[in-house]
Amino acid sequence: MDIPNQPPTPRRTVLAAAGAAVASLALGGGAAQAATSPTSPIVRGKNPGPRPRPLPATKLTARQRAGQRVIYSYPGLTPPGSLLSAISGGEVAGVIFFGENIADEGQIASVIGQLNAANDRSPVKAPLLLMTDQEGGKVRRLPGAPTLSEKQVGEASDPEAAATDAGTGAGRNLAGVGMNVNLSPVLDVFREPGDFADRFQRSYSSDPAEVATLGGAFVRAQQKTGVAATAKHFPGLGAAATDENTDLGPVTLHQSLSELRSVDEAPYTAAFDAHVRLVMLSWAVYPALDADNPAGLSSKIIQRELRGRLGFRGVTVTDALEAKAISSSYTTAQRAALAAQAGMDLLLCSARDVNQGRDAVSGLVDALADSTITSSSFDAATHRIARLRESLSGVKARH
């Protein structure tokens, strides 16, 4: 639950060669035509569209196989050699960028060129997932669009047109520097003026129908630019009070099951109708769904509620893996394994530390080796990620 100007929170056994699901990541240039487009249907139990044609499996090491599920981050303006090496070694699915990584558009476009050059040397022939939080208002990593916050969009004279403009602006802005995933829009339905979502103007409205309409408009407009959208933070953080921040500590939200589904989850239906590509899970605990685990570590919420009841077939992504809402007794490796075991596809290592990403990869390697995570479920996740990556291969920087 990243907020504006917040400093980063403290955010091996060799396995058998990957099967056809992992091989889809190691395709040549023709894979993009076989993968789904950014607007292809992937929701509510429908067939997610044509799969890439099976090609001869390319053998990946255990760390390469695990790396297809990990998003890295780094400190400062210059990506360290260790990150470039991990990318060229095929152990990275993507990179998330923060304000500290961006001086201006030309600088970050140049950095992305370096990352892509390293990826060209990787045995995994699929585009990196290059992402940021470009929500609008106070939460923007790139200068420029969208300038309006979600709250300002909701208060506009024509909110739906404003949401469409924001989505188009966000997509063009990211695509212009070579990024291909936006961790937006926020679909949290705030409850009281001044509560957490409203305080930072990260909610369109306290009316779930309005949030659904505006979130859907943002998703459709942005994805027309070729940049994937991410609906967050499922099943919803709108009930969080002013000081309830999952980056800083545990949060438990006590909505009834009826309220969760009729208010907090309601906007996701519209996002799914708009074919949103990713969903980010929250780190709050929702006793009405699972009294024991944060949403991002809960198979009940990920598998039963999001995928089962609501039928989402796209890519799931964690919020910051280093968040203090998760017990401090868990190492990065353990957090990664627990999230993947629960059903998370991508693991967001956003502490601006390349070693965090490496530790997450190690956790997945060990979990596969001891069968904590089954090979079939692991390959299903990597296949979803492969489809997303290949469909985004056309995003090119303008610089």
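**Group meeting: rings and cores**

Okay, let's start with Phe97, which touches Tyr74, Ile102, Ile108, Val111, Ile112, Leu115, Leu130, Met131, Thr132, Arg141 and Met179, leaving aside residues up to four places away in sequence. Contact here means heavy atoms within 4.5 Å.

Before I go on, this is a predicted model: local features need pLDDT of at least 70, side-chain atom pairs count only at pLDDT 80 or more, and totals for chains, interfaces and linings use all residues. Residues are numbered from 1 along each chain as its sequence is written, and side-chain values use heavy atoms, with hydrogens and water left out.

So which residues touch the most other members of the largest nonpolar core? Those are Phe97, Ile108 and Leu115, in a core of 90 residues. By nonpolar core I mean a set of buried Ala, Val, Leu, Ile, Met, Phe, Trp, Tyr and Cys residues joined through side-chain atoms within 4.5 Å. Buried is under 20% relative accessible area, with exposed over 50% and partly exposed in between (1.4 Å probe, protein chains only). There's also a second, separate core of 18 residues, and Ile71, Val181, Val317 and Leu392 are among them.

Now the rings. The structure holds five aromatic pairs. Rings of Phe, Tyr and Trp (its six-membered ring) pair if their centres lie within 6.5 Å; planes under 30 degrees apart are stacked, over 60 edge-to-face, and the rest tilted. Tyr74 and Phe97 have ring centres 6.3 Å apart and planes at 85 degrees, so that pair is edge-to-face. Tyr74 is in the loop between β1 (70-72) and α4 (81-88), and Phe97 is in the loop between β2 (94-96) and α5 (105-120), so the pair ties together parts 23 residues apart in sequence. Helices (H or I, at least four residues) and strands (E, at least two) are DSSP runs, numbered from the N terminus. Tyr74 and Phe97 are both buried.

Compare Phe272 and Phe312: centres 5.1 Å apart, planes at 20 degrees, so this pair is stacked. Phe272 lies in helix α11 (residues 266-273) and Phe312 in the loop between α12 (299-309) and β9 (315-317), so the pair ties together parts 40 residues apart in sequence. Both are buried, and ring pairs link Phe234, Tyr268, Phe272 and Phe312 into a cluster.

Staying with α11, its buried residues are Pro267, Tyr268, Ala270, Ala271 and Phe272. They pack against α9 (208-224), β5 (228-234), α10 (257-264), β6 (278-281) and α12.
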